[in-house]
Amino acid sequence: MTHRISRPARLLSAGVAAAVLVPVAGMAAATPAAAATPQVTCTSQQPELAKKLKKDIAAALKNRKGTIAVGLHDKATKTTCTLRGTTAFDSASVVKVTVLATLLWDAKKSDRYLTTRESDLATAMITKSDNNATSTLWRQLGATKVKKFLAAAKMTKTVPGSGGYWGLTRVNVTDEQKLLALITGKNAVLSDNARAYILKLMGKVVRDQRWGTPAGAPSGTAIHVKNGWLPRATHGWRVHSIGAFKGRGHDYTISVLTHGNSSMQYGVDTIQKVSRAIHKDLTPLTQAPTRFTPTDTPKEATVPAPR
């Protein structure tokens, strides 16, 4: 089956704390002040919602170990929350959405269809997180095209993995939220057909990979997700989830990136705690009598990486 890529439309569309060195008069050397713990920042047309989200996200992450970054944007209430927006992580399999977006962006430039082969590879890459399919498309596109897409998408801090190790692409929450914004809103980078195609595949992810940001999503909400994980000697397990959600008067995206997890399940639990808090605050229980329960046997592809 081929997929038509239409011509472009138009449009489109961070908080970290820094350590400060404080010189103290009369001392032989300056003493570094303790680095302030990054805080969740939230803004909204509904100030009480921003206040509640800030409180509940912080509570969900209290005592959780590792480094955790969070991004949220809800178009309906113009609500944005950020934690460690510029902290870099190895992407693991979440980069597969960027690979698909690059493929569609490149095809649009030539005003061509995806071939049946490309469509089959894209489907396997997103719905099953197939590593071989991803490697094939990564080699086809090459680092140059990926970098050109990232420039067009203004994902300025995303750095493609070298040596064919696409799972070691460096990503942050700010850029992942930019990518989700391109997928969910009309813009000049991705055609409407391309956006619909990406969302379609993210909505058909196999059951055992439907964990992470969808946890606690209210009934009647369309769920689109892509997850990733990777264990390495440094920073332990990287466990990530990005998702787009639409329904019950809201249209929002969530990105949660983590590393320093002691196990895969620990990272999954962290992501799902904060995701449940976000979904609950956007759609309280009275508006959502039932909520999405993620798989209790989460799986993902462990991406290729050098030893």
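Contact is taken here to mean heavy atoms within 4.5 Å. The structure is a predicted model, in which local features need pLDDT of at least 70 and side-chain atom pairs count only at pLDDT 80 or more, while totals for chains, interfaces and linings use all residues. Residues are numbered from 1 along each chain as its sequence is written, and side-chain values use heavy atoms, with hydrogens and water left out.

Helices (H or I, at least four residues) and strands (E, at least two) are DSSP runs numbered from the N terminus. Q177 lies in helix α5. With a relative accessible area of 12%, Q177 is buried, where buried means under 20% relative accessible area, exposed over 50% and partly exposed in between (1.4 Å probe, protein chains only). Apart from its neighbours within four places in sequence, Q177 is in contact with G71, L72, H73, T253, I254 and S255. Between the C-alpha atoms of Q177 and M155, which are 22 residues apart along the chain, the separation is 9.3 Å.

Strands are treated as paired if DSSP finds at least two bridges between them.

Strand β5 (residues 79-83) has 4 of its 5 residues buried, so it is largely enclosed by the rest of the structure. Strand β3 (residues 41-43) is joined to β5 by 3 bridges in an antiparallel arrangement, and T43 stands opposite T80 in β5. Strand β4 (residues 67-74) pairs with β5 over 5 bridges, also in the antiparallel sense, with V70 opposite L83. The hairpin of β4 and β5 has 4 residues between the strands, and K78 takes a positive phi near 50° there. Elsewhere in the sheet, β9 and strand β10 (residues 250-261) run antiparallel and are joined by 10 bridges; Y252 in β10 is the bridge partner of F245.

A nonpolar core is defined as a set of buried Ala, Val, Leu, Ile, Met, Phe, Trp, Tyr and Cys residues joined through side-chain atoms within 4.5 Å. The largest such core has 42 residues, and those with the most contacts inside it are V97, L100, F149, I183, L190 and I198. Two or more residues are given to this core by α2 (95-109), α3, α4 (131-152), α5 (173-184), α6 and β9 (237-247). The most come from α2, with 9 residues. Not counting residues up to four places away in sequence, F149 touches T98, A101, T102, W105, M155, L179, V189 and L190. A second, separate core of 30 residues includes A50, L61, F245 and I271.

The axes of helix α3 (residues 116-127) and helix α6 (residues 192-202) come within 8 Å and cross at roughly 50°. That makes α3 oblique to α6, given that angles under 35 degrees count as roughly parallel, over 145 as roughly antiparallel, 65 to 115 as roughly perpendicular and the rest as oblique. In this contact, S119, A122, T123, I126 and T127 of α3 meet Y197, L201 and M202 of α6.

Technical notes:
Axes are lines fitted to C-alpha atoms, for helices over the stretch in contact, and angles run from 0 to 180 degrees between N-to-C directions.
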